[in-house]
Structure formats: C-alpha cells, structure tokens
Amino acid sequence: MSISNKNFRDLKPAEFIECFQKTRRETLKTLKIFREILGSELRIPNLTEANLPIWEFCHVGWFYERWIVRNTRCSFDKSYDLSVDWDNFCRDRTHFKDADSIFDSSKIEHNARWDRNLPTFYETLDYLRKTRDAVIEKIETNSPETDEAFYFYKLSLAHEMMHLEAFKMTAQILNFEIPGLRSKYLNLDFCSESSFLSFNEQTISPYYENYAFHFDNEIFNGETTLKPFKIQSSCVSLKSFLDFLLSDDFLNASFWSKEGKIWLSTSFYKKSFYKNIKKEFKKLTDIDSEFVKIKWFGKDENLRLNLPALHVSFYEAEAYAKWVGMRLPTELEWLLASQNTNFHWGDVWEWTSNTFSEPPDFVPHPYKDYSKPWFDGQHKTVKGASFATCENFRNLHFRNFYKPNRMDIFSGFRTACFV
Ligand SMILES: [Fe+2]
C-alpha cells in the first residue's frame, strides 16, 4: 500500500495513520529548521502575513486535541449534526496547561499571540509528540470506518498540511531556506508556450459528492451554466508577466482596477516580489534572455523565464490579463477546464476572478471559523495547489482564499475570455 499522493479525503484508517505520521514528521522537521534559524524561542516581528512560529506549531497540535483527542463526540454527520454545540463535547484536560487560552485561533487574535506566555522549543516538541501519540491511540481504539467517524481526523490532518505550507511561506518572508523546497519550483517541467482550451456552453455542479470528506465551503446545491469560454492550458510564464511589468503599459492606469491602482501606488514598490526588477530594468531585453535574478528564500536565484510567474498579487494578475485583452477565469471555468487532460495545474496557486463568498444554503461545519469569517468580501478564491503544497492535499475541488494584495503565497494565474 502506498499513500504517496493519495488524497487525504480518501484515506482508509491504516493509510490515515501512515499519512498522519508522514505529515507530523515533516512538521517536526520544519520546527527544527525554524529553531536553527530563529533561535529557541522562534520569535519573529509581528507581521500581518505570518504567524508567530512557536504559536503556530503548538496550534497545529492543539487542533488535533480539540477535535479528536478531547472530543467526546468524535464524529460528524452533515445531515443532522449541524446545530450541535461542539463546546459541550470537549473535555477540559489537555497535554498543555491552559492550551485553549493560548492556541485557539478563534479566541486569540493574531496580534495577541505575540503577548501570550508561550512554550519553549522543547515544550513545543513534546506537545507535538504527545498529541501525535494520543491521536494514534484514539484512532486505533475507535477504528473509524464511516465518513462521519473519520471527519475530524481528516479535518485535522488537512489543517496540519495547510499550516505546513504556511510555514514555507513564512520562511520565504523571513528570507531563510527550507531544504529541498526551492528546487521543486526551479525544476518544474513547465512550458511557457501556453495554448488555449475552448469550452462550449455547459451546465456544471461545483460539488463533487463522491469525496469521503468535504470542507463546508465546498458543498453546493444546484448547478450553474457557463457561457462558452477559452482558457490557457497552463499558467502565465515569468517571461510573459515580465513583458508586462517592464513595459510602459505597466503603470498605465487603464489596465488596473480601482483597488488595483491604490495597491500599485501604495504597495508595489514596497512589497512586490518584482519591485527590484522593475527598478533595475527598463525592458525585458535588458535582462538575460533565459533567466532573471531574484532574491528568493534569502538567496539570489536565477529563475528560468519559462517558469510560471510566482508571488503575483491578484491586482497584478488582473492588470496583466486586461493588458493582453483577457480576464482572469472564474472559479467554475477553472474547475470545468481542469477536467480536460491538457489542463496543467498544481505548480502555483491560481487567482480566480471570484470574491470568496457565502454559497446559497451554506451551513458552517463544527470548526466554524474555517470559512464563515472569510466571507467578508475581502478575499479572492484561489484554485489549484503549488509546488509547496503537500502531495496528499492537492485536489481540484479545494477552494483556497486570500486577500488580493497577498504576494507571499506561492501564487500565479492563467487567463481566460468569453468566445
Ligand atoms: Fe489553523
């Protein structure tokens, strides 16, 4: 049996343990890398985009405690458990004293995490090991077989895998290396000459019922009809994006949305991954024809121009699409197109034109803050996966969401248009 890239949604109990142990090994390895670089307290300045690492590592362990180890009703049936108050089914005892008052992301807001009395590196290591053993003991005792009995196990594993990618984003922001990660992007087998795939009018349902696990924001009733459209078969390359960035048109207001113009004038030269290229070069022919030098994970890196554009904000993606007479695809166009075998995805996360919003008939699942707080009109839906995403997490139906100004994520985009 190999779980190498089997999606976490479809894991059987024995496979779950294997995947969970693999994921936890990576978390512990990452914790040790962070400690080597940041010192034993793993302290960093308070940044909007990054969590305080020691808090985040413990939060990963706490999540399993909250929803599996301490959960006296460790089963969730979406057809009749939706009104349950899950606080009534959580035992007090934890492997870390006062864990709820420190590691509960719903109660301790971002800025407050820096002021908490946080554990040491060794306490964190110990907490992650104890919660790992407690989860394995619980799964071996309970042998969850049904999707309902498996729900919280899969939710917690997915949560850990999401934070694992967030740790990689944090390392990139803080300019240090995660061994083996950069080469996953640098060695992507990627073709910059992207063809278009065309689709006739079609009615689709975005909800794939056959999965054994769903996040609450993936559940839809009904279908949607899409107008005929065409979409790039792969993402926009660095070369194509730099063509725009280094052209006179880049600062032309007509290509930017109202919010995009504000971002361009206030944030581009402070934050964009490409700000130095824009400062240093007038046009693409001024730089080496095959590579561009850029600081990435703290190192000067020669990026091949035929790699997919990376660390692109939504605003930059939107402006580029307009510049080439296209637009960003909608989330459903992306999903429909992904069924085509020539649709290449998974190298970088992809911005869509959709604002992440509450679907009709939406009902939050027990971990209420997974989606609901983010239906605030401030986030864009992001599809796909990136070279930094855990293999067992990648899924076409997954709906990610980020604020449009974010560039620390491993994000790119492709373009589309109506035909
Ligand atoms: Fe979390």
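Let's start with what covers the buried residues of α1: the cover includes α2 (53–69), α4 (121–142) and α5 (147–173). This is a predicted model, where local features need pLDDT of at least 70, side-chain atom pairs count only at pLDDT 80 or more, and totals for chains, interfaces and linings use all residues. Residues are numbered from 1 along each chain as its sequence is written.

A few terms. Helices (H or I, at least four residues) and strands (E, at least two) are DSSP runs, numbered from the N terminus. A residue is buried if 20 or more other C-beta atoms lie within 10 Å of its own, exposed if 12 or fewer, and partly exposed in between; C-beta atoms are placed from the backbone.

So which residues of α1 are buried? They are Phe16, Cys19, Phe20, Thr23, Arg24, Leu31 and Phe34. Helix α1 covers residues 13–38, 26 residues in total. From first C-alpha to last, α1 reaches 37 Å, close to the 38 Å expected at 1.5 Å a residue. That expected span is 1.5 Å times one less than the number of residues. Just after α1 comes glycine 39, with a positive phi of about 90°.

Next, the core. A nonpolar core is a set of buried Ala, Val, Leu, Ile, Met, Phe, Trp, Tyr and Cys residues joined through C-beta atoms within 7 Å. The largest one here has 93 residues. Ile68, Phe152, Phe241 and Ala317 have the most contacts inside it. A contact means two C-beta atoms, placed from the backbone, within 7 Å.

Look at Phe241. Beyond four places in sequence, Phe241 touches Val236, Ala309, Val312 and Tyr320. Now Val312. It sits in the loop between β6 (299–304) and α11 (314–323). Why is Val312 called buried? Because 30 other C-beta atoms lie within 10 Å.

Now a sheet. Three strands form an open sheet, in the order β1-β4-β11, with antiparallel pairing. Strands β1 (196–199) and β11 (416–418) stand at the edges, each with a single partner, so one side of each has no neighbour in the sheet. Pairing here takes at least two DSSP bridges between two strands. Four bridges join β1 to β4 (residues 229–232). Serine 198 stands opposite lysine 230 in β4.

Last, the whole chain. It has 12 helices and 11 strands. Buried residues make up 38% of the 419 residues.
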